[in-house]
Amino acid sequence: MASWNSIQLEITYRVLGWMGFACWSVGGYPQVILNFRRKSVVGLSFDFVLLSLTKQSSYLIYNASLYFSSAVQKQYWEKYGYGQMIPVAVNDVAFSAHAVLLTAFVLFQIAIYERGTQKVSKIAIGIVVAVWSGAAVCVFVALPTHSWLWLINIFNSIQVCMTVVKYTPQAFLNFVRKSTDGFSLGSYLLDFSGGVTNYAQMTVLAIDQDSWVNFYGNMGKVLLSLISIFFDLVFMCQRFLLYPSKKAPISPPPPQIISKDKESLEPLLQSSSDHPLKHTV
């Protein structure tokens with residue numbers, strides 16, 4: 001098993017990992033708070049949330065298996081070399097477990113809050129059913145030969161594909177509505193920060209080990225970071241450039257109030273004209 005060559009880089013790696021965990025984990029709460037305050041989920045893509053749950057569940061299976069299972073780790077070292085470090089940290093497991101719970105809670109909010117005319121599309125439901133059906137087939141394929149590393153890499157590939165698929169409905173909904181209202185700004189700003197810090201974490205590990213094996217050994221995490229950064233930039237462009245929120249204009253006071261004020265001033269003007277000022281010498 002490999003070890004760190006630099007204490008400074010090890011500390012940086014762990015700090016970046018927990019920073020990414022904080023950004024990605026806290027990033028889910030602005031949407032939860034916005035839903036609670038509005039008592040509505042209008043403007044939030046239900047397909048985005050449903051596909052996110054599938055994505056996060058797949059990512060949790062991958063991270064937890066590679067981090068905790070000695071059998072999976074053994075197969076990883078046999079493939080990439082015993083001198084390589086496992087490219088999954090405890091913060092990755094913590095993030096994915098937290099994300100599954102938080103996404104499930106957002107689905108609960110969708111069930112109880114005002115939804116307007118929005119609903120989960122048949123396409124999204126079909127994708128979820130197809131993904132989990134395919135995953136079940138892969139489990140039965142891996143069982144006879146105990147190909148656990150191959151199996152969890154399937155789940156890692158699923159989470160990468162679902163990352164692309166899950167963002168698309170929200171970007172499309174913003175385009176159709178010509179608005180980002182209902183989709184929390186804080187969510188994708190923190191998501192962007194999480195993507196940057198997680199990519200930086202992988203880079204620090206590669207520099208310390210003088211090897212880029214961890215990049216293609218955990219290509220799912222690398223692609224997750226890059227895809228998240230790309231779509232968050234798309235959401236920022238939609239929010240600030242294409243569909244900026246319009247502030248309500250300040251309306252002038254009602255005309256009846258103005259007329260009443262004029263009527264109340266007329267007697268004063270008349271009385272002052274009837275009694276001109278007399279100057280004393």
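Okay, let's start with Glu78: at 46% relative accessibility, Glu78 counts as partly exposed. Quick reminder that this is a predicted model, so everything I quote is computed from it.

Glu78 has a partner. Its side chain meets the side chain of Lys74 in a salt bridge, 2.5 Å from N to O. Both sit in helix H4, residues 70-80, and because they are four residues apart, about one helical turn separates them. Lys74 is partly exposed too, with a relative accessible area of 44%.

How many salt bridges does the structure hold? Three. Another one joins the side chains of Glu10 and Arg14, at 3.1 Å, N to O. Again we're inside a helix: both lie in H1, residues 7-26, four residues apart, about one turn. Glu10 is partly exposed at 23% relative accessible area, and Arg14 is partly exposed at 43%.

Then there's the pair I'd like you to look at on the screen: Lys221 and Asp92, whose side chains meet in a salt bridge at 3.0 Å, N to O. This pair links distant parts of the chain, with Lys221 in helix H10 and Asp92 in helix H5, 129 residues apart. Buried or exposed, then, for Lys221? Lys221 counts as buried, at 0% relative accessibility. Asp92 is buried as well, with a relative accessible area of 2%.

Gln201 touches both Asp92 and Lys221, and its other contacts beyond four places in sequence include Tyr13, Leu16 and Asn91. With a relative accessible area of 0%, Gln201 is buried. What does its side chain do for polar partners? A polar atom of the Gln201 side chain lies 3.2 Å from the backbone oxygen of Tyr13, and the side chain also makes a polar contact with the side chain of Asn91, at 3.4 Å.

Now the greasy part. The largest nonpolar core has 19 residues, and the ones touching the most other members are Leu44, Phe48, Val49, Tyr167, Phe183 and Phe235. Helices H3, H5, H7 and H10 each supply at least two residues of this core, and H10 gives the largest share, four residues. There's also a second, separate core of 17 residues, with Trp77, Ala99, Leu149 and Ile152 among them.

On to the rings. A search of the whole structure finds 18 aromatic pairs. Take Trp24 and Phe95: their ring centres are 5.0 Å apart and the planes are at 40 degrees, so the pair is tilted. Trp24 is in helix H1 and Phe95 in helix H5, so this pair ties together parts 71 residues apart in sequence. Trp24 is buried at 9%, and Phe95 is buried at 6%.

Phe183 and Phe235, on the other hand, form an edge-to-face pair, 5.1 Å centre to centre with 75 degrees between the planes. Phe183 is in the loop between H7 and H8 while Phe235 is in helix H10, so here the parts tied together are 52 residues apart. Phe183 counts as buried at 5%, and so does Phe235 at 1%.

Those two belong to a cluster linked by ring pairs, which includes Phe48, Tyr167 and Phe231. Tyr167 touches Phe48, Phe231 and Phe235, among others. Lys166 lies over the face of Tyr167, 4.7 Å from the ring centre. Elsewhere, Lys178 lies over the face of Phe175, at 4.0 Å from the ring centre.

That's my tour, thanks.

Note on methods. Residues numbered from 1 in each chain as written. Predicted model: local features only at pLDDT ≥ 70, side-chain atom pairs only at ≥ 80, totals over all residues. Heavy atoms only, no water. Core = buried A, V, L, I, M, F, W, Y, C linked by side-chain atoms within 4.5 Å. Buried < 20%, exposed > 50% of the residue type's maximum accessible area, 1.4 Å probe, protein only. Contact = heavy atoms within 4.5 Å. Polar contact = N/O pair within 3.5 Å; in protein donor to acceptor, adjacent residues only side chain to side chain. Salt bridge = Lys/Arg side-chain N within 4 Å of Asp/Glu carboxyl O. Phe/Tyr/Trp six-rings, centres within 6.5 Å; stacked < 30°, edge-to-face > 60°. Lys NZ or Arg CZ within 6 Å of the ring centre and 35° of its normal.
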